[in-house]
Amino acid sequence: MAEEPKNGDAVGSGVGGREADEEQVVNPWEVTAKDGGKIDYDKLIEKFGCQRLEEPLVRRVERLTGRPAHVFLRRGVFFAHRYLQDAFKVPLVIQLTDDEKCMWKNLTVEESKRLARENAKDIIACGFDITRTFIFSDFNYVGSAFYENMVKVAKCVTFNKVVGIFGFTNEDHIGKISFPPVQAVPSFPSSFPHLFSGKDNLRCLIPCAIDQDPYFRMTRDVAPRIGYQKPALIESSFFPALQGETGKMSASDPNSAIYVTDSSKDIKNKVNRYAFSGGQDSIENHRKYGANLEVDIPVKYLGFFLEDDVELDHIRKEYGAGRMLTGEVKKRLIEVLSELVERHQRARAAVTDEMVDAFMAVRPLPHMFS
Amino acid sequence: MGYTKDQLLARLKELQIDFVCYDHPAVLTVEAQAKYVGHLGGALSKNLLLKDKKHRYYVVSALANTNIDLKVLSQRLGLGKGGLRMAAEEALQEILQVPLGCVTPLALINDSARDVSLLLDQGFKSQQSCYFHPLTNEVTLSISASSLDKFLISIGRQPSYVDLEANPAVGKDNPPDLASLAPSGVPTLPDKVENAVTCIPTGNDGLTVKKPTKLAAISASSLDKFLISIGRQPSYVDLEANPAVGKDNPPDLASLAPSGVPTLPDKVENAVTCIPTGNDGLTVKKPTKLAGEAKSPAALQKEKLQKVQSSIDPLAEATNIEKLVKEIMDKTSTAFLNEVAEITKNLNDPQIVPSVSDVVKRRVSSDLEHMMMSLKNAAYTQGFQAGFQATLRSSLQSLSMQK
C-alpha cells in the first residue's frame with residue numbers, strides 16, 4: 001500500500017531531496033507524481049529494474065500451485081499475501097516496523113508499539129492462518145540472530161551508498177541512517193532460528209508496494225556477499241486515491257480513501273461525493289461517448305475488490321459503451337466495499353490481545369509447509 | 001488389480017531410484033532375453049516361483065549362471081527333502097500378477113504377493129547392474145542391487161541375500177539355515193519382540209543371511225508406533241496369567257475381542273495391561289459449534305472418521321479450512337440442488353439449477369472460509385494460552401520444590 005506521502009514540495013528536507021522537482025519521487029517515505037500527474041510505472045520499472053507481472057508468470061504460478069491465480073494476480077494489478085500463503089503452502093513472516101514509525105513520524109516508543117499492535121489486529125482480521133504465520137515488531141524481536149544479520153548487512157553498505165539509495169543527508173539522525181538493515185534481514189531464514197533452524201537455503205518472496213523497492217535492492221546486492229540467497233520480490237502498483245490518480249491518499253484527508261473503520265453510511269457518502277468519475281458530464285453525452293475507464297475511480301476500485309471476473313468485464317463493457325451510468329457503478333462499488341469492510345470489522349472484533357500475543361509469540365510452526 | 005509396468009516405474013522414480021529400461025519383443029526364457037540385452041554388460045537373472053507343501057510361495061531370484069538345486073534349497077528352508085516344487089502357472093497370475101516367463105522380485109509390489117518369501121542370490125551384490133523384468137516380458141529393467149534393496153525396503157521387505165549354491169549339512173546339530181526365510185503364514189503379534197531370529201547362521205559356512213525377512217528384529221516401542229499408524233491400540237497382556245473368570249470376575253480381556261463395529265480409539269477402555277500410547281491426534285478436540293452456527297452431524301461424523309483414518313497428521317487434516325469449507329459447501333449445495341431440482345422439475349430450464357448452485361458456492365465459500373479461519377485462530381490462541389499457563393505452573397512448582 002502506498003505510504004502516506006509527505007508534502008511533496010519540500011526539497012531541502014532531505015527526504016527525496018536529491019530528485020529534481022520535475023521528476024516523480026518514489027521512495028519509502030514519499031510518493032509524488034511528476035507535475036501533479038499520474039505515477040509513470042514504466043519509468044519506475046525501468047528505473048528500479050523490475051519487470052511487469054506478465055501472463056506467462058501468472059500461468060506459471062497457476063501451474064505450480066494447481067489452482068486459479070488470485071484476482072489480483074490475474075488482473076496484473078496487485079498481489080495478495082494470503083493467497084500466496086494458501087496457494088504455495090508456505091509460512092508467512094510479517095514485520096511491523098514500529099521503530100521506523102517512531103523515528104520518521106516522531107512518535108513515542110509506547111505509541112509506536114501500541115499502533116503496531118493495532119495494525120497487527122487488522123492484519124490478523126484479513127484471515128491469516130496462525131499455524132503458518134509469524135508476526136513480529138522490531139522493538140520486540142530485534143536481538144540475537146536477527147541482530148547478528150543486521151550487523152552483517154550493515155558492514156556491507158557504506159554511508160555513501162545508503163545516501164545514494166535513500167537520500168539521507170548530514171542532517172538526518174543516525175537512527176534513520178542505520179535503519180535499512182532492519183528491513184533487510186527478514187529476507188534471510190537465519191534471522192528466525194525458531195522457525196527455520198537448519199534450513200538456510202530457503203528462498204524468500206517479498207510482496208510489497210513498489211516504494212519499498214530500495215530496501216530490497218540493497219538487500220539483493222548484499223545477500224551474496226554474506227553468503228545468503230537473494231530474496232525475490234513481487235511489487236504492487238499504488239492504490240489510487242478516491243479523488244483520482246493525481247490526488248494523494250493521505251491520513252490527513254479522510255475523503256481520499258475508504259477506511260476499514262468506516263460505516264456503510266460513510267462509505268456511501270465518500271464514494272458518491274468524492275470518487276472521481278470518468279463518466280461524461282451529461283447523460284446524453286455519456287450514452288454517446290461512454291465513460292473514460294482510464295481515469296474512472298469506481299471502476300478501478302471494482303478492479304481491486306470485485307471478485308467476479310464475469311461481472312467486472314460486464315461492467316467495464318457496459319460503462320465504457322455508455323449503456324451503464326456512473327450512479328450504477330458507484331452503487332455496485334458501495335455494495336462491494338460495504339460488504340468487505342463489514343466482514344473485516346466482524347473479523348477484527350474477534351481478534352483479542354491474546355490472539356495477537358499468540359501470533360507474535362516466538363514459537364515453532366510445525367505445519368508451516370503442509 | 002496388479003501393478004502395471006508404468007506404475008512400477010513411476011514408483012521407482014518417486015523413490016529416486018536410478019534405472020534403465022530396454023524394450024524388446026516378448027521373451028519367455030533367459031536365453032531369449034540374452035539375445036537382446038546379453039551384450040550390454042549387466043547381469044541377467046533367472047527367477048523362479050516355488051511352492052511348498054503347505055502352499056507357501058517363494059520367489060528365488062539368481063544370477064543366470066548360478067546353480068540352483070531345489071532339493072538342497074528345500075532342506076535349507078526346513079521343508080525336508082523334496083518340499084519345494086515349481087509353482088503352477090496359475091499362481092503366477094494369482095499371486096504375482098505377472099505373465100508366464102515374467103517372474104521378478106519387483107512383482108512383490110503387489111499386495112497379493114505379501115506372503116511370498118524372497119530369496120536373492122548374493123551374487124547380485126557384486127554386479128554393477130542386474131536385469132529383471134519390470135512386470136512385463138517386453139522390457140528389461142537394469143538396476144543395481146542396492147537400488148533393488150531400496151525398492152524392497154520401500155514395500156516393507158527386508159532384502160535377503162543368500163549363497164544359493166551352498167550345500168551345508170542339515171541335521172540334528174545343524175538346523176536348516178534358511179528356515180527363517182520360510183513364510184510364517186499369519187503374521188503374529190508377539191507380546192515382546194526380543195530376538196525374532198530363531199536361527200542364526202553359525203558363521204563358517206559362507207552364508208550371508210543379512211536379515212530375516214519375516215520376523216524382523218524390532219523394538220516393542222517401534223512396533224507400537226507401527227500399530228498406531230495403522231489405527232490400532234497396542235494391547236500388552238500377560239499371556240500366561242490365568243485369572244479366575246466367573247460371576248465376580250468378568251473376563252479380563254473381553255474388551256480385546258473384536259466387537260464387530262470398528263472401535264474408535266477413544267472408546268477403548270481398560271484391558272488389564274492396555275497401554276494407551278498418547279496418540280492425541282486421534283481424539284476429537286475441535287469445538288463443535290461455530291459462533292452462532294452448528295455444524296451438521298454429518299459433517300462432524302465425517303470429521304471424526306477423517307481424523308481416525310488419516311495417518312499423516314490428524315491435527316493438520318482437521319484444521320484444513322479449505323477442505324472443511326469445501327465439504328460443507330458440497331453438502332449444502334447438493335441438498336440445495338436436490339430441493340431446487342424437485343421444484344423446477346416442471347419448469348423449462350434445467351440449466352438454471354447447477355449455475356445457481358455455483359453462484360451460491362462462490363458467494364458463501366469466501367465468507368465461510370474467513371469465518372472458519374477466525375475460528376481456527378481463536379482455538380489455537382486458547383490452546384496456546386492454556387499451554388503457556390500449564391508450563392508456567394509446572395515450572396513454578398518445580399522451582400518452589402527445589403528450594
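Q: Is B:His55 buried or exposed?
A: B:His55 has 57% relative accessibility, so it counts as exposed. This is a predicted model, where local features need pLDDT of at least 70, side-chain atom pairs count only at pLDDT 80 or more, and totals for chains, interfaces and linings use all residues. Residues are numbered from 1 along each chain as its sequence is written, chains are lettered from A and ligands numbered from 1 in the order in which they are written, and side-chain values use heavy atoms, with hydrogens and water left out.

Q: Where in chain B does B:His55 lie?
A: Helices (H or I, at least four residues) and strands (E, at least two) are DSSP runs, numbered from the N terminus. B:His55 sits in the loop between strand E2 (43-52) and strand E3 (57-63) of chain B.

Q: What is the phi of B:His55?
A: Most residues other than glycine have a negative phi. B:His55 is not a glycine, yet its phi is positive, about 60°. A:Lys89 also has a positive phi, near 55°, and is a residue other than glycine. A:Lys89 is in the loop between helix H4 (81-88) and strand E3 (92-96) of chain A. Its relative accessible area is 29%, so A:Lys89 is partly exposed.

Q: Which side chain meets A:Lys89 in a salt bridge?
A: A salt bridge is a side-chain nitrogen of Lys or Arg within 4 Å of a carboxyl oxygen of Asp or Glu. A:Lys89 pairs with B:Glu322, at 3.7 Å from N to O. The rule finds 3 salt bridges across the interface of chain B and chain A.

Q: What area is buried between the two chains?
A: Buried area is the accessible area (1.4 Å probe) that two parts lose on being put together, summed over both. Between chain B and chain A the value is about 1700 Å², and carbon and sulfur atoms give 52% of it. In chain B, the residues that lose the most area to chain A are B:His370, B:Asn377 and B:Tyr380, together 33% of what that side buries.

Q: How is an aromatic pair read?
A: A pair of aromatic rings is described by the distance of the centres and the angle of the planes. Rings of Phe, Tyr and Trp (its six-membered ring) pair if their centres lie within 6.5 Å; planes under 30 degrees apart are stacked, over 60 edge-to-face, and the rest tilted. Over all chains, the structure holds 21 aromatic pairs. A:Phe136 and A:Phe146 form an edge-to-face pair, 5.6 Å centre to centre with 70° between the planes.

Q: Which elements hold A:Phe136 and A:Phe146?
A: A:Phe136 lies in strand E4 (residues 133-137) and A:Phe146 in helix H8 (residues 144-155) of chain A, so the pair ties together parts 10 residues apart in sequence. A:Phe136 is buried at 2% relative accessible area. A:Phe146 is buried at 1%.

Q: What kind of aromatic pair do B:Tyr380 and B:Phe384 form?
A: They are stacked, 6.2 Å centre to centre with 10° between the planes. Both lie in helix H10 of chain B, 4 residues apart, about one turn of the helix. B:Tyr380 is partly exposed at 23%, and B:Phe384 is partly exposed at 29%.

Q: Where is A:Pro28 placed?
A: A:Pro28 is in the loop between strand E1 (25-27) and strand E2 (30-32) of chain A. Its relative accessibility is 0%, so A:Pro28 counts as buried.

Methods
Buried means under 20% relative accessible area, exposed over 50%, partly exposed in between (1.4 Å probe, protein chains only).
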